[in-house]
Structure formats: C-alpha cells, structure tokens
Amino acid sequence: MRLSKLRAVLIAALALIGMGTSAIYADGGPIRFNILKAGFVIGGSGGSGSFSFHGRTYPISIGGVSYGFTFGASEIRFRGTVSNIRQPSDVAGVYAAAGAGAALGGGAGGIVLTNQKGAVLTLSGQQRGLIVAADLNGLIVTVR
C-alpha cells in the first residue's frame with residue numbers, strides 16, 4: 001500500500017511539472033517595424049523591421065491590405081514586444097484588426113494583435129501623414 005501511495009505522489013508531481021513547462025518554453029522579445037499605408041477605399045501597406053529572440057535579431061517583412069473607408073497616406077513606426085513564441089518562425093503569420101482613426105501630421109496609439117500560432121504583438125506607434133480610416137486591416141508578417 002505504501003508503494004502505491006508513493007507512486008501516486010510521483011505521478012502527480014511529474015504531471016504538475018509537465019503542465020508548468022509548456023508555459024516556461026513560451027518566450028518573447030522586443031520588436032520594431034515601420035509601415036507605409038496608403039489608400040482610397042482599398043488600401044495597402046508594406047514595411048520592414050526586426051525582432052530579437054534569445055539573443056539573435058531576425059529581420060521581418062510586413063505586407064497588408066485594408067478595406068473600408070480609407071483615404072490618404074501615413075507612416076507608422078511601431079515598437080513593442082512579441083510574446084508567447086517558442087521559435088522565431090512563430091512570429092510569421094496573419095494578424096487581423098478592425099479600427100478607425102485619423103492622423104493629420106502626427107499621432108500616437110497602441111494595439112495588441114494575435115496570429116494563428118498564438119504569437120502576441122503588443123505595440124505602440126507614432127504615426128505621421130494625412131489619413132482618415134474606418135476599415136478592416138490584415139497584416140502579414142514574414143520572417144526573412
């Protein structure tokens with residue numbers, strides 16, 4: 001009887017350790033990128049930047065489209081963190097957002113986006129240009 005109690009305690013301890021390690025392996029780092037956005041009803045955006053993960057820097061490309069009321073052009077410089085990734089390729093994917101806003105000259109804001117792999121981008125940005133938008137946006141991030 002004593003051996004089966006010891007075995008049960010060991011199995012329970014291993015199960016708890018196993019549950020905790022999946023969260024430990026998810027990691028992240030700083031990310032930064034610039035996006036140029038322009039449009040008239042249908043908009044397009046593109047840009048580039050980089051993120052750091054476990055001491056290495058990885059270049060990224062950004063592409064996207066928007067549909068809705070969009071008029072003008074702007075440049076946005078995003079800075080923030082990427083989290084909940086296990087490997088650099090987890091950053092790649094499609095990030096979607098719906099939003100509305102306007103910028104004349106400059107502005108600032110923040111956003112949190114998630115892709116299909118669970119990577120989370122927590123970003124703040126500085127925007128310059130003249131743009132008015134109420135649209136659906138999709139960003140495609142590619143790790144180069």
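**Labels put to the test**

Modeller: Start with Arg128, which counts as partly exposed at 45% relative accessibility. Keep in mind that this is a predicted model.

Colleague: Why is Arg128 called partly exposed?

Modeller: Its relative accessibility is 45%. Buried needs under 20% and exposed needs over 50%. The value lies in between, so Arg128 is partly exposed. The residue is found in strand β4.

Colleague: What makes the link between Arg128 and Glu75 a polar contact?

Modeller: The two side chains are joined at 2.7 Å. The cut-off is 3.5 Å between N or O atoms, so the pair qualifies.

Colleague: Which side chain makes a polar contact with that of Gln127?

Modeller: That of Ser74, at 3.5 Å. The definition says within 3.5 Å, so this pair counts too. Ser74 is found in strand β2.

Colleague: How do you know whether Ser74 is buried or exposed?

Modeller: Its relative accessibility is 6%. Buried means under 20%, so Ser74 is buried. Leaving aside neighbours within four places in sequence, Ser74 is in contact with several residues, including Ile35, Leu36, Arg128 and Ile131.

Colleague: Now the overall fold. What is the order of the elements from the N terminus?

Modeller: They run α-β-β-β-β. That is 1 helix and 4 strands.

Colleague: What makes β1 and β2 a pair?

Modeller: Two strands pair if there are at least two bridges between them. Here 25 bridges join β1 to β2, so they pair. The strands run antiparallel. One of the bridges has Pro30 with Thr81 in β2 as its partner.

Colleague: What lies between these two strands?

Modeller: A turn of 2 residues, which makes β1 and β2 a hairpin. His54 sits in this loop. His54 has a positive phi of about 50 degrees, although it is not a glycine.

Colleague: Why is His54 called exposed?

Modeller: Its relative accessible area is 58%. Exposed means over 50%, so His54 is exposed.

Colleague: Where does Asn84 lie, and what is its phi?

Modeller: Asn84 lies in strand β2. Its phi is near 65 degrees, a positive value in a residue other than glycine.

Colleague: How do you class the accessibility of Asn84?

Modeller: The relative accessible area is 33%. That falls between 20% and 50%, so Asn84 is partly exposed.

Colleague: On to the rings. How many aromatic pairs does a search of the whole structure find?

Modeller: It finds 2 aromatic pairs. In one of them, the rings of Phe33 and Phe78 have their centres 5.3 Å apart and their planes at 40 degrees.

Colleague: Why is the pair of Phe33 and Phe78 called tilted?

Modeller: Stacked needs under 30 degrees and edge-to-face needs over 60. The angle is 40 degrees, so the pair is tilted. Phe33 lies in β1 and Phe78 in β2, so the pair ties together parts 45 residues apart in sequence. Phe33 and Phe78 are buried.

Colleague: And what makes Phe51 and Tyr58 a stacked pair?

Modeller: Their planes are 25 degrees apart, and their centres 5.3 Å. Stacked means under 30 degrees and the centres must lie within 6.5 Å, so the label holds.

Colleague: How do you know that Phe51 and Tyr58 are buried?

Modeller: Phe51 has 0% relative accessibility. Tyr58 has 13%.

Colleague: Which residues have the most contacts inside the largest nonpolar core?

Modeller: Phe33, Phe51 and Tyr95, in a core of 20 residues. β1, β2, β3 and β4 each supply at least two of its residues. The largest share, 7 residues, comes from β2.

Colleague: What does Phe33 touch, beyond residues up to four places away in sequence?

Modeller: Among others, Ile60, Ile62, Ile76, Phe78 and Leu123.

Colleague: And what share of the whole chain counts as buried?

Modeller: 32% of the 144 residues. The chain exposes about 8500 Å², with 67% of it supplied by carbon and sulfur atoms.

How values were computed: Residues numbered from 1 in each chain as written. Predicted model: local features only at pLDDT ≥ 70, side-chain atom pairs only at ≥ 80, totals over all residues. Heavy atoms only, no water. Core = buried A, V, L, I, M, F, W, Y, C linked by side-chain atoms within 4.5 Å. Buried < 20%, exposed > 50% of the residue type's maximum accessible area, 1.4 Å probe, protein only. Contact = heavy atoms within 4.5 Å. Areas by Shrake-Rupley, 256 points an atom, 1.4 Å probe, with all protein chains shown as cover. Polar contact = N/O pair within 3.5 Å; in protein donor to acceptor, adjacent residues only side chain to side chain. Phe/Tyr/Trp six-rings, centres within 6.5 Å; stacked < 30°, edge-to-face > 60°.
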